[in-house]
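Me: I've got a structure to go through. Can we take it step by step?
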Amino acid sequence: MVELNVLIIFMIIGALIAIEVKHLLSSVIAVGAVGLGLSLAFLDLKAPDVAIVQLVVEILSVIYLIRATLKRDLPYTTEKGLFLQSLVGLIFIAIFLIFAVQCLYELPAFGHPIMRVAKTYLEDGLAKTGAANIVAAIILDFRGYDTLGEATILFTAVVGVLAIVREIGRKKEMTHPNSSQEGKEKGEVNE
Amino acid sequence: MIETSQIIPLFVAIPLGGAFLTSLTSKKLNWLADILGIGATIVLFILSLVSVRLVYLHSILIYEVGAWKPPIGIVMVMDGLTSFMLVTVNLVAFLIACYSINYMEKFTSKWSFYTLFLLMLAGMNGVIVTGDLFNLFVFLEIAAIASYALVAFGTEKHELEAAFKYAIMGSIGSLFILLGIAFLYAYTSTLNMADMANVLKEKGISNTVIMISVLFLMGFGFKSALVPFHAWLPDAHPSAPAPISAMLSGVLIKSLGIYALCRIVFNVIGITTPISNILMFLGALSMVVGVFLAIGQWDFKRLLAYHSISQIGYVVLGIGIGTPLGILGGLFHLFNHSVFKSLLFLNSGAVEYSTGTRDLKEMGGLASKMPVTGSTSFIASMSIAGIPPFNGFWSKLIIIIAAVQASHYWYAFWAVLASILTLASFTKVMKYAFLGKLGEKWNQIKEVPGFMQLSMLLLALICLVGGLLVLPSVSEIFLRKASDALLQGVDYASTILSGI
Amino acid sequence: MSKERDKGMSLIVKTITRLTVGLIFLYGAYIVAHGHLSPGGGFAGGVIISLSFVHLMLAYGKEEAFKKLSQAGASLFENLGAIIFLTIALIGFIGGYFFLNLISKGTPFRLYSSGIIPLCNIAICLKVGAGLFAIFIALVLLKFDVEKKK
Amino acid sequence: MIPYLLCLILFCEGLYCVLRKRNLIKIIIGVMIMDYAVNLFFVLIAYKMNGRAPILSPDTTIMNMVDPLPHALVLTSIVIGLATTALFIAIAIRIYQKYGTYDITKIKELKG
């Protein structure tokens, strides 16, 4: 599985660039590269369904991110005077990694999953649902309830975004000393 | 038994259907949104009361979604703890929906408020009734995403900022939970909680199980705002509209945080002494830190938010003690807290509705102009501070007795201290906001409209009579069933797998 | 989306878009229809369909794209998708269970097979495609300027 | 073993970004990277040596397939990631409208 390791290392480097580069648009493009690498890794791991979804979702989320960064006068990011915070963060991450490595030895070795439940899906999936694509059979029949939740999450996000982009939230003028006075005298409601 | 267990999916289907219909039909018609919101929540409340009766008769109900037997498909489970949480959540949600009819008139786009509200309710009910780990995660995310959007509902500067902070911290918590689920799946190769408990019991304690427990503690700690992970709560809860603050503080952090944590720690992984000690420590820490931070606050809602951290500490302490009495006290306090904290947030919303301010220093003497708000908030304050006839007293007493019985004297001491400080803090609220001389500029204010009064009065009534729940004959059907569900530990698995 | 972009991009881009956008839409529809037989499914197909509209909007500007699918239309389709999906789930109650696959399974490996799965795929596709496009519209219509302080 | 470790390093990279960076877009990117890492972890635990993709075909009967269940979970999890990202971006753009910057050190209005 050399190619898999190479792909993940490519993703790690891409993520490093995305995190450290100063220019926001370049950072977004680097995230796009990480997502592409992830999609290829899924393909390498024999998960074509996931690879397709990851690819198209990556395109869409990069478009959304570019929408947020496409502005000439956006300043370059500056980071300063956060030595202590990064130290604490790094120590926390180091502890986390050490513990995680300890328990990685106890998981089933890479490439040898237990497949207690999955065996049933593979053996009876076609007979019981009639779908040749076992993943589709799982997401829409065996675990269709999860997919209802998934669709609802997307619905929630859409309604949430529509609620957040309203120009004015409150209807009438209020004496509200704690909050700022902005956005109240604005024109039409954006619904 | 199939006929009676048909009730379980309705707890998710009704709010979901309500949300979709609201968003489809009531963009122009505000009254339709009101009717759909109230209708859905009242039906859910009645169904949750029915569920208590059903659990009393059958003790456990299991529903297989799509007729697939576990562990192949998803199951929904209804036991004592589930029906207890359902009653808590749907009671508060119904009263808050009542309150919102008038309160949300001040905001634009009422339909999206009700849609998000019902989606949040669907998410919470989904978390409570599910018996499948990944399904729990999915519904947890529905409730969480709806709450991120609702915190920013006013779209003011500070609201957006609080929402961003909350959303980032919440999604980090979710990702920790998801990583924990991935580890558990790799280790046990199943997702059904009962099946998973069986596999884990066979394998025994190992590093992986400890790692998974820590991941879940961090993830659900973020969701329930235990102290090292509490930074988002004092910003997010005050920034939301008052009904949503009540919903977030009253039930969201409990059903997403405490309930899910207890279900996994007690019934799937199995409680061990180290985890129990960690829970007690975190509980005591939240209790004390929350109340100390609350004392210096002058913003009404922010003060209440810090008290939420503190009161959640009591719940976690009680549950962490692990004795039958401790768990009973913890769950009872969970119920009481959701009642009186929602009431307090609704009071603060009522004050804000009439006067437009949240600063305690500017208020004064409001009780004479707003008698309902003043008296109900007096009841709620006494209840949260633990003054005898009100419900908060009984649950705190049980927790303290349980701590003493388990010879955790220090924790009992901290609980008493936090209770005294809570009393001091709420004396301040009563003194500055409702008693004293009426300020000049408040001569024109009026009491809030009818529906807001109604829901505050009902909550105050529950505060008054809530103490009756510990009476042996009453607690036998309601509280005892809930604590039994946690006390059975990993035998949960055999109960469920035999019930199919 | 600044002022000069409202009219869309250059002629070359517009011509290429006119040739490709239909194919992209068709490809999305294909992925949805064959979701139960080959990789893909309602979600991937829905995203591809919404990407075809996004493509149209980027190349031709807002007005042209709104002629094809307006914001109100997008949220209507989204709601319809959600309600169809929930209805499919609730129809299972006729057979006694939430989410019961009660339509005949048909012959395996054929387009018309596997009961409710293709129907669910279509509902999800409507929902996802319209929903993601609605988010895109909402973000595009948002004025990307600092509000004036009074 | 090595892929698991690399995947966790990717997760920690995202966590570091969220903890350390002070720019809204960078924080969103950090959450996205964490999300990628968790999704990758799910698919890694599903992999079976020399297995095939879990799609049956009429003419072959090989049953040595990878575990399909985590794939279904990852599909759900990718959608959740997209939904949260969209919401984050909407909030971030609104914050930009109000403050004129993405820098979190300049937009601290809330105290405590």
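Me: How many residues of chain A are in contact with chain D, and how many of chain D with chain A?
Reply: 74 residues of chain A are in contact with 67 of chain D. In contact means that their C-beta atoms, placed from the backbone, lie within 7 Å. This is a predicted model: local features need pLDDT of at least 70, side-chain atom pairs count only at pLDDT 80 or more, and totals for chains, interfaces and linings use all residues. Residues are numbered from 1 along each chain as its sequence is written, with chains lettered from A and ligands numbered from 1 in the order in which they are written.

Me: Which helix gives the largest share of chain A's side?
Reply: H3(A), with twelve residues. Helices here are DSSP runs (H or I, at least four residues), numbered from the N terminus.

Me: And what's that side like by class?
Reply: It has 53 nonpolar, 14 polar and seven charged residues. Ala, Val, Leu, Ile, Met, Phe, Trp, Tyr, Cys and Pro count as nonpolar, Asp, Glu, Lys and Arg as charged, and the others, Gly among them, as polar.

Me: New topic. At what angle do H7(A) and H5(C) pack?
Reply: About 20°, with their axes 9 Å apart. The axes are lines fitted to C-alpha atoms over the stretch in contact, and angles run from 0 to 180 degrees between N-to-C directions. H7(A) and H5(C) are therefore roughly parallel, since angles under 35 degrees count as that.

Me: Which residues meet there?
Reply: Among them are A:Phe155 in H7(A) and C:Lys127 in H5(C). That contact has 13 nonpolar, two polar and one charged residue.

Definitions and conventions: Helix = DSSP H or I, 4+ residues; strand = E, 2+ residues; numbered from the N terminus. Parallel < 35°, antiparallel > 145°, perpendicular 65-115°, else oblique. Contact = placed C-beta atoms within 7 Å.
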